[in-house]
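Please keep the sequence and the model in view while reading.

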Amino acid sequence: MLFGLHGGAVADRHDRRRILILADTVRLLTALSVALALAAHRLTVPHALLAAAAIGATMAYGGPSRMLALRAVVPPEQLRQALSQDELRVNGAALAGPPLAGFLLGLGRAVPFLALVLTSALALGASTAVRFDSRPGPRAPADGPEKGAAFAGLRYLFAHRVLRDTVLVAAALNLTGSAMLLTVMVLLREHGTSAAGTGLALTGEAVGGLLGALLVTRLHRGLSPGALLLAVAWTGALAFALPALAGGPAVVFAALAVTALGVPALRVMLDVLVFQRVPEEMRGRAMAGTMTLLMAGLPLGTMTAGLLLDRLPAPTVLVLLATALAAALLPLTFGRTLRGTSWTE
């Protein structure tokens, strides 16, 4: 979050292929330092925290450049399909990653980090081998002291009503969704669910996202951007309250899967709208702005849920989350802005 907006400004000003190569190199060296420290029994908490921050920074700088690289190598008519396939990659990794981490950790404490070194090396090889037009787009003339600033992307997003509403609803879904995750974990513990059962129930989010990635094209064909946004958000609001009625692992799995089913279509929609409606010279900052706002919801949601769970039962917290999201959606649902949107090529 600290470097997110600056990462977008860098992507709009500098060679994106070089940014990707540098980000992958830093991640590789950081993971290698943790693996070596673990092997030597010298890993400290400050080292671990700095490594986590460094890897987070590589995401902040590499994320916008990677999305712009995707746009550079994919023809416009295949962009939506390529973004949908990228969602399959993300959700497939989310589903396979945790059990793989447990398996690798069982082989040795340093093994998961050695695996990260290997995958970072593969990513670095891809960034080095793939050739594309990695130069930034033409810059707009400098009309004022803030032209080209890191916050220009956010200003553009909030000045465009459809983009603003879309980003804010997606951020609200991230915030309430992360709060729901912590709440259902507490709920399952109170019901006596084992750790393995809790883990399986929480995979509902990844399973729903994986299935949802297969539905992106159909949802985009059948719904306008505003209708899709409201449908995904209202589905989430209703699904949040479901575990409050029956809190078993099967219900939690189903609620998380239903909530995540439309999220890939929503994420692809955000990317498509940015590519379609944001000038080329500002796309990196606009993407970084959306990524920063979406990521901000994760810690805020977890913190909010923790504070509420200290004072209220888990079912009550779930109902509160569903009610808060529904209350935020009501003005947008009855307004004309979102309902009147259409896909523009």
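The chain holds 15 helices and 0 strands; helices (H or I, at least four residues) and strands (E, at least two) are DSSP runs, numbered from the N terminus. The radius of gyration of the chain is 21 Å, close to the 20 Å that the globule rule gives for 345 residues, so the chain is as compact as a globular protein of that length. This radius is taken over C-alpha atoms, and the globule rule is 2.2 Å times the number of residues to the power 0.38. Along the principal axes, the C-alpha atoms fill a box of roughly 60 × 60 × 35 Å.

The model is predicted: local features need pLDDT of at least 70 and side-chain atom pairs count only at pLDDT 80 or more, whereas totals for chains, interfaces and linings use all residues. Residues are numbered from 1 along each chain as its sequence is written, and side-chain values use heavy atoms, with hydrogens and water left out.

Of the 345 residues of the chain, 43% count as buried. Buried means under 20% relative accessible area, exposed over 50%, and partly exposed in between (1.4 Å probe, protein chains only). In soluble globular proteins, nonpolar side chains tend to be buried together. Here the largest nonpolar core has 60 residues, of which L83, M180 and L266 touch the most other members. Helix α7 (residues 161-190) gives the most to this core, with 12 residues. Such a core is a set of buried Ala, Val, Leu, Ile, Met, Phe, Trp, Tyr and Cys residues joined through side-chain atoms within 4.5 Å.

Not counting residues up to four places away in sequence, L83 touches M67, L70, V268, D271 and V272. Contact means heavy atoms within 4.5 Å. Among the contacts in the chain with a separation of 6 or more, 86% are between residues 24 or more positions apart.

The structure also holds 1 aromatic pair. The rings of F3 and Y61 have their centres 5.9 Å apart and their planes at 40°, so the pair is tilted. Rings of Phe, Tyr and Trp (its six-membered ring) pair if their centres lie within 6.5 Å; planes under 30 degrees apart count as stacked, over 60 as edge-to-face and the rest as tilted. The pair links distant parts of the chain, with F3 in the segment before α1 (4-13) and Y61 in helix α3 (residues 45-73), 58 residues apart. F3 is partly exposed, with a relative accessible area of 38%.

H41 lies in the loop between α2 (16-39) and α3. This residue has a positive phi of about 60° although it is not a glycine, and H41 is exposed, with a relative accessible area of 68%.
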